[in-house]
Amino acid sequence: MKEPPDDKETGLPGLRSWGRVYWVVLGIMAAWIVLLTALTRLYS
Amino acid sequence: MNWIDYLILVGSLLGIAAYAIWSTRGRHDLRSYLKGSGETKWLTIGLSVMATQASAITFLSTPGQGYESGLGFVQNYFGAPVALIIIAAVFLPIYRRLKVYTAYEYLGHRFDPKTRLLGAGLFLVQRGLGAGITIYAPAIVLSTVMGWRLDVTIVCSGLLVVLYTVLGGCDAVSLTQKYQIGVIFAGMLAAFIVLLARLPAGLTFTDSLALAGGFHRVNAVDFSLNPDRRYTIWTGMLGGLFLALSYFGTDQSQVQRYLCGASLRESRLGLMFNAVFKIPMQFFILLLGVLIFVFYQFERPPVYFNRSAWDYQAAHGSGGRLRALEADFNEAHAAERTDLRSWLEARHAGNAAAESAARGAAAAAHERVEAARAETGKVLRAANPRTTANDDDYVFITFILDHLPHGLIGLLVTAFFAAALSSKAGELNALGSTTTVDIYRHIVKREASDAHYVAASKWFTALWGLVAIAFALFANLAENLIQAVNILGSIFYGVVLGLFLVAFFLRRIGGTAVFWRALAAQALVFALYSALPISYLWYNVIGCAACMAFSIILQAVIGPGGKGPAAAAAA
């Protein structure tokens, strides 16, 4: 199976490198944990 | 269920299966049968990965967990995004560069044939048993819902998935999963909307959260360091990371899903799709359970959600005791409902003292409600030990049947079945592939035509389907279903992950060292599981760490011998 030459391109607007994609995903994960912690503190 | 529900159920399931078989007809070479046409885009991969993991158990049992224990289970998935990033960055490029059919083929490249067989064997044992549980869950739903015989339900649903998986191979699995997950999301969203609409007038969403919080159902994040607690942020971040790393990175049922991507980019984006949506999806399903809990504080639920078990025992022997408990339950629930209405009025009036008093009274009444329910469970299990220990698995389906309109009932039951079939198909596809590639082609018949291996793969897939059906027929599950699957996975996954992490990151370690130490680590996990009362998620960490540490020590003793012939290729 021949790898297409664009494998290094993410194809995502504003996120040209895979490193940036991973950081954004980590940021979303952290945001969820903060949100759920706040929910816990607020309603427990 | 009426004819509309049956029409939706049968039409959707058979229609999706028939379309997949028709679309994938005429694919006779091994590569397209096991890895697909090579044109799969990221969204299909992402949905396929999601559908393989999210079985009927996820949608049936998780709302029950939310109902009983609140949001805490969501922490189990905190490690998943990090794991998926590691897989996308490290595992996936190596798998694609080596053009492997299975993850265990890579172990053969990196170490030696016996280590490849060990990895494949652990997968076949663990996933073969897990496949039985996957098929058991929806069978419980339907047998309870429609009064069907459990064994007939297991056999019918099992044979349908075996049919299209055997005939269509990898592409049929991905294609059906895409449509099945659409049905699932539609069903869950419909249930959520109906639930919100049916909450009592005057009870806002924030009131619901405040009420649930008063009964400890909104404890989503627990920072406790107590190792006895099953779900904390630490078990989720560390144990969950190892569980997800092992499941998504080394379990062939998942690896096969993203190896069929048109390119590395498509496969990576498919994994990132899951990294972004895994936590919110689980949160949403648990929140559904929490809101069902709130709903049932104002609408009287059955004393025991498994109505067929209650009805049977009420008519055969334990009727007097059960009816007395039901009367206690109804009385306590009526008192709790009155107290909660007082609490709601006080809350809206801003009367903090009255709010606190009403909440205290409601909590006391709720304890009586729970005591009656627990005692009912004890009576039922004493009368018939085969009664499922965890009544929570019946919470969501009871809500659906009692409170959703016809049409939506059919959609939800279809969603459960779609979820069961989609994850089952992924598992069978992987079991058949691993048996063909890592056992049959590797040991039994090395030189044969593609057509021969495709035929062998079909036979092995069918055989594993029959094994899963047989296991489901004889299953007697004592735990909550989703926990049973995760516990089973955690016992094996740690060691399998250890094998792969040694392969990827400890390049000086050879096959002999890792093979024997993996066996020792697995024995250690078995011993600890039977002796220690710690959260099962820790066994992912323990198994992996033991496998890696033992391998390093043994390698230091035996020297550099036993290194795999293609270690350099894997580096």
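## Fold of chain B

In chain B, 86% of the contacts with a separation of 6 or more join residues 24 or more positions apart. The model is predicted. Chain B is built from 22 helices and has zero strands.

The C-alpha atoms of chain B fill a box of roughly 75 × 55 × 45 Å along the principal axes. A compact globule of 571 residues would have a radius of gyration near 25 Å, and chain B agrees, because its own value is 25 Å. Of these 571 residues, 63% count as buried.

## Interface of chains A and B

Chain A brings 25 residues to the contact, and chain B brings 37 residues. The area buried between chain A and chain B is about 2700 Å². Carbon and sulfur atoms give 74% of that area. On the side of chain A that touches chain B, 15 residues are nonpolar, five are polar and five are charged.

What of specific polar pairing across the interface of chain A and chain B? Five residue pairs are in polar contact, with both residues at pLDDT 80 or more. Salt bridges across this interface number zero.

## Salt bridges

Over all chains, the structure holds 16 salt bridges. One of them pairs B:E427 with B:R127, with the closest N and O atoms 2.9 Å apart. This pair links distant parts of the chain: B:E427 sits in helix α17 (residues 408-444) and B:R127 in helix α7 (residues 113-146), 300 residues apart. Both B:E427 and B:R127 are buried.

B:D392 and B:R373 also meet through their side chains, at 3.2 Å from N to O. B:D392 is in the loop between α15 and α16 (395-403), while B:R373 is in helix α15, 19 residues apart. Both B:D392 and B:R373 are buried. The two belong to a network of salt bridges that links B:E68, B:R373, B:D391 and B:D392.

A further salt bridge joins B:D222 to B:R229, where the closest N and O atoms are 2.6 Å apart. Are these two partners buried or exposed? B:D222 counts as buried because its relative accessible area is 17%, under the 20% cut-off. B:R229 is partly exposed, with a relative accessible area of 41%.

## Positive phi in two loops

Most residues other than glycine have a negative phi. B:K99 is not a glycine, yet its phi is positive, about 55°. B:K99 lies in the loop between α5 (80-98) and α6 (103-110) of chain B. Its relative accessible area is 43%, so B:K99 is partly exposed.

B:H216 is not a glycine either, and its phi is positive at about 60°. The place of B:H216 is the loop between α9 (205-214) and α10 (233-250) of chain B. B:H216 is exposed because its relative accessible area of 55% is over 50%.

## Helix α15 and B:R381

B:R381 is found in helix α15 (residues 352-383) of chain B. B:R381 is partly exposed, with a relative accessible area of 28%.

How far is the C-alpha atom of B:R381 from that of B:Q313? The separation is 9.9 Å, although B:R381 and B:Q313 are 68 residues apart along the chain.

Key
Residues are numbered from 1 along each chain as its sequence is written. Chains are lettered from A and ligands numbered from 1 in the order in which they are written. This is a predicted model: local features need pLDDT of at least 70, side-chain atom pairs count only at pLDDT 80 or more; totals for chains, interfaces and linings use all residues. Side-chain values use heavy atoms; hydrogens and water are left out. Contact means heavy atoms within 4.5 Å. Buried area is the accessible area (1.4 Å probe) that two parts lose on being put together, summed over both. A salt bridge is a side-chain nitrogen of Lys or Arg within 4 Å of a carboxyl oxygen of Asp or Glu. A polar contact is a pair of N or O atoms within 3.5 Å; within protein, one must be able to donate a hydrogen and the other to accept it, and residues adjacent in sequence count only if both atoms are side-chain atoms. Ala, Val, Leu, Ile, Met, Phe, Trp, Tyr, Cys and Pro count as nonpolar, Asp, Glu, Lys and Arg as charged, and the others, Gly among them, as polar. Helices (H or I, at least four residues) and strands (E, at least two) are DSSP runs, numbered from the N terminus. The radius of gyration is taken over C-alpha atoms; the globule rule is 2.2 Å times the number of residues to the power 0.38. Buried means under 20% relative accessible area, exposed over 50%, partly exposed in between (1.4 Å probe, protein chains only).
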